[in-house]
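Q: Hi! Could you walk me through this structure? I'm new to reading these.

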Amino acid sequence: MFYDVVVVGAGPAGAVAAWYAAKSGASVLLLERDREPGIPVRCAEGASQAGVHEFLDPDPRWVSAKTNTLRIISPDGNHADLNHLRDAYILERRVFDKTLCDKACNAGAKLLVKADAVRLYKENDVVKGVVFRHLGEEKTVRCNIVIGADGIESKVGRWAGIRTELKVEDLEPTAQYTLTGIKVDSTVSQFFVGAKYAPGGYAWIFPKSETSANVGLGIATQMAEGKNAKYYLDKFVDDVFPDASRNYLVLGSVPTSGTLPQITTDNVMLVGDAARQVDPLTGAGILNGMFAAKIAGTIAGDALKKKDFSNKFLKKYQKQWHNDLGKRLAILHELKETYFGFSEERFNNIVKSLNKMPSSDIDVKKLFVTAVKDDPKLVLQVSKAFLIGNFIK
């Protein structure tokens, strides 16, 4: 087998990379190790409507709920509602991912499921393809470019010689239940801050209907007193939804390091969680990965036209990503420990300050500036973060 581009991983980033590479004229094979795209769901499933609309028209098949309010709950139980942020979707990822793969296939890409990459194929130490296991048989597909969209554990990056390791403080354990038999406002996304429920992180309630929600949290291991994310999640659910039915459990980790210093090498590019393109403060990564993948897929098509698959050429992707979003994520990474190291009293005071403002004046930037208003240097960093590049999330 030979394809111009092989994409490893058919999540949103992989599907978009395959889609845009195919649109650019490349022959593309998209490898997915599970039986279908979108499983297992390891995601809170929230994404801004504006960001999604960059790629897809809205479709009720993959929209579980539409939210227009972000509610922040402080440790003392008070809350502030931010009503003037970008509206968000709570997705049905299984259908959403399949829709993106359909877009890729309609553009000419081929999707192969139950295909688990086991190593890169090399000729004279140059990456020339992927070796994968399909239905018990090992196969090799040759190609000019491999795009690694294989998630936080990215093997493609390591096989290609890219350093992908993370520091303990940049790997946040997460746990999430899908709860049913509860009552929630399907237009409100809720965030609980403070160490009571999520030391070094936050807990969330993302409604999927008026009687169900994704309820989860992320923590900082170094602040968790030896307890894991599921321990804190069980405690949170016991307090907030004691009678809920816990239907689906997801355990995982989120990379919060900001983008890797290197996300390309000869014949290889990384996108999404594999490249650590996650917002270090919020953990949001779906749309960041999709935006990066659009760039990578397009650059792959350009490389094919130029017949240049060297790192020097492919680094155009890294440069464009850095200018569009990467620089902003680097600043947010610097701010991460400051925010999540706040005392309970500080979180309480932030919510009180927000409630003193006219609701029409509150946006995401003002939220973060309010949090650090006593430190001019941090205020400047926040302002820079929101001035840099495209920050639709």
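Q: Nice, and how do E11 and strand E18 pair?

A: E11 and strand E18, which covers residues 268-270, pair in the parallel sense over three bridges.

Q: Before we go on, what sort of model is this, and what pLDDT does the protein average?

A: This is a predicted model. The protein averages a pLDDT of 91, and 93% of the residues score at least 70.

Q: Where is the pLDDT below 50?

A: Over residues 389-393. That stretch still has 21 contacts in the model beyond near neighbours in sequence.

Q: Good to know. Back to E11: how does strand E1 pair with strand E11?

A: Strand E1 (residues 2-8) and strand E11 (residues 137-148) pair in the parallel sense, over six bridges. Within that pairing, Tyr 3 stands opposite Cys 143 in E11.

Q: And how do E10 and E11 run?

A: E10 and E11 run antiparallel and are joined by six bridges. One example is Gly 129, whose bridge partner in E11 is Arg 142.

Q: How many residues sit between them in the hairpin?

A: Two residues lie between E10 and E11, and Leu 135 in the turn has a positive phi of about 55 degrees.

Q: What is the phi of Asn 124, and where is that residue found?

A: Asn 124 has a positive phi of about 55 degrees although it is not a glycine. Asn 124 is found in the loop between strand E9 (115-123) and strand E10 (126-134).

Q: Switching topic: what is the order of the open sheet of seven strands?

A: The order is E6-E5-E13-E14-E15-E12-E16, with mixed pairing. Strand E6 (79-82) and strand E16 (245-255) are the edge strands, and each pairs on one side only. From one strand to the next, the twist averages 20 degrees.

Q: Let's take the E6 end. Is the pairing of E5 and E6 parallel or antiparallel?

A: Antiparallel, over four bridges. Here Ile 72 stands opposite Ala 80 in E6. The hairpin of E5 and E6 has five residues between the strands, and Gly 77 in this hairpin takes a positive phi near 95 degrees.

Q: What about strand E5 and E13, parallel or antiparallel?

A: Parallel this time: strand E5 (residues 69-73) and E13 share five bridges. Leu 70 has Ser 189 in E13 as its bridge partner.

Q: And at the other end, how many bridges join strand E12 to E16?

A: Ten bridges join strand E12 (residues 171-180) to E16, and these strands run antiparallel. Thr 174 stands opposite Gly 252 in E16.

Q: Which strands does helix H5 lie across?

A: Helix H5 (residues 229-240) lies across E12, strand E13 (188-193), strand E14 (202-207), strand E15 (212-218) and E16. The helix runs at about 35 degrees to E12.

Q: Which residues does the cis peptide bond join?

A: Ile 39 and Pro 40, with omega at about -15 degrees. Pro 40 is found in the loop between strand E2 (28-32) and E3.

Q: Last topic: how many cavities of 30 Å³ or more does a search of the whole structure find?

A: One. The largest cavity has a volume of about 70 Å³.

Q: What lines it?

A: The lining of the largest cavity includes Glu 169, Gln 222, Met 223 and Phe 340. Helix H7 (residues 311-340) gives the most to this lining, with three residues. By type, the lining divides into three nonpolar, two polar and four charged residues.

Q: And how much space lies in the second largest pocket?

A: About 260 Å³. Of the 16 residues that line the second largest pocket, the closest to its centre are Leu 166, Lys 167, Asp 170, Ser 257 and His 333. Its lining divides into three nonpolar, five polar and eight charged residues.

Key:
Residues are numbered from 1 along each chain as its sequence is written. This is a predicted model: local features need pLDDT of at least 70, side-chain atom pairs count only at pLDDT 80 or more; totals for chains, interfaces and linings use all residues. Side-chain values use heavy atoms; hydrogens and water are left out. Two strands pair if DSSP finds at least two bridges between them. Axes are lines fitted to C-alpha atoms, for helices over the stretch in contact, and angles run from 0 to 180 degrees between N-to-C directions. Contact means heavy atoms within 4.5 Å. pLDDT is the predictor's confidence in each residue, from 0 to 100. On a 1 Å grid over the protein atoms alone, a cavity is a set of points where a 1.4 Å probe fits but cannot get out, and a pocket is an open set with protein on both sides within 12 Å along at least five of seven lines; lining residues have an atom within 4 Å of a point. Grid points are joined across faces, edges and corners, and a volume is the space filled by probe spheres set on the points. Ala, Val, Leu, Ile, Met, Phe, Trp, Tyr, Cys and Pro count as nonpolar, Asp, Glu, Lys and Arg as charged, and the others, Gly among them, as polar.
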